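Me: Could you take a close look at the strand pairing here, and walk me through how the sheets are put together and what sits around them? I would like one connected account.

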Amino acid sequence: CIRQQFSNNTNIKISQFGVKYINNFRLNMENDNRIPDIKLDHLGYLYLANSDSTEKILRKNQETQNALGVKTQLLTARELVKAYPFFSVNDIQLASINNENEGYFDSQTILYWWNKKSREKGLEYVKGTVTNIKKIDNRVTSITLSDNTKISVGHLVNTAGIRGKEIANMIGIKLPIVPRKRYSLIFKTQE
């Protein structure tokens with residue numbers, strides 16, 4: 001899934017790049033005819049405020065988003081229930097929604113083709129845990145894995161996700177990464 005309803009310019013711009021990448025996936029992959037088009041289902045995201053402080057955040061975020069071309073709209077509880085009559089809005093003060101360039105896409109197909117194309121070009125995947133990074137003249141030259149394997153590198157890309165902070169610390173870079181527990185709720189309603 002991908003969304004653009006963020007509170008800062010950098011995250012919004014990253015997401016906008018992501019949407020363009022998804023929409024042009026085959027072209028970005030050397031226009032390989034074996035690669036299918038990736039469809040973005042524009043289902044949107046809905047954020048709800050049930051307090052004055054959360055309403056203020058949604059309003060501020062919408063200004064930031066709209067300034068960068070994101071089509072986020074704010075809806076009162078009355079407008080929300082008119083658009084989505086199945087919602088109970090008794091405790092809702094405001095809603096933030098964007099149905100353009102937010103939604104779901106087939107990320108597994110993207111991962112499959114990244115993997116396939118990179119292997120076709122000679123990339124070797126190595127499974128391991130980085131325990132040390134060697135630098136010379138402020139340039140990363142090699143890494144050491146937990147099994148003491150040393151690998152020379154021309155470039156190092158930190159893709160460790162929530163563990164990225166640990167990798168960055170090995171070369172003296174402080175990243176403000178904090179793991180957070182996230183929830184997804186999936187439910188089925190009866191008509």
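Reply:
**The sheets and their surroundings**

In this predicted model, three strands with antiparallel pairing make an open sheet, in the order S1-S3-S2. At its edges stand S1 and strand S2 (73-76), each with a single partner strand, so one side of each has no neighbour in the sheet. From one strand to the next, the twist averages 25°. Angles here run from 0 to 180 degrees between N-to-C directions, with axes taken as lines fitted to C-alpha atoms, for helices over the stretch in contact.

Residues are numbered from 1 along each chain as its sequence is written, and side-chain values use heavy atoms, leaving out hydrogens and water. Because the model is predicted, local features need pLDDT of at least 70 and side-chain atom pairs count only at pLDDT 80 or more, while totals for chains, interfaces and linings use all residues.

Strands (E, at least two residues) and helices (H or I, at least four) are DSSP runs, numbered from the N terminus, and two strands count as paired if DSSP finds at least two bridges between them. S1 and S3 run antiparallel and are joined by five bridges; in this pairing, tyrosine 45 stands opposite asparagine 98 of S3. Across S1, S2 and S3 lies helix H3 (residues 52-67), which runs at about 140° to S1; contact means heavy atoms within 4.5 Å.

Asparagine 31, in the loop between helix H2 (25-28) and strand S1 (45-49), has a positive phi near 55° although it is not glycine. This residue is partly exposed, at a relative accessible area of 45%, a class lying between buried (under 20%) and exposed (over 50%), with a 1.4 Å probe and protein chains only. Asparagine 101, also not glycine, has a positive phi near 60° and lies in the loop between strand S3 (94-98) and helix H5 (107-120).

Another open sheet has three strands in the order S4-S5-S6, again with antiparallel pairing. S4 and strand S6 (150-152) take the edges with a single partner strand each, so one side of each is without a neighbour in the sheet. Neighbouring strands of this sheet are turned against each other by 25° on average, direction ignored. Six bridges link the antiparallel strands S4 (residues 130-136) and S5 (residues 139-145), with isoleucine 133 partnered by isoleucine 143 of S5. Their hairpin has two residues between the strands, and there aspartate 137 takes a positive phi near 50°. S5 is joined to S6 by three bridges, also antiparallel, and threonine 144 has lysine 150 of S6 as its bridge partner.
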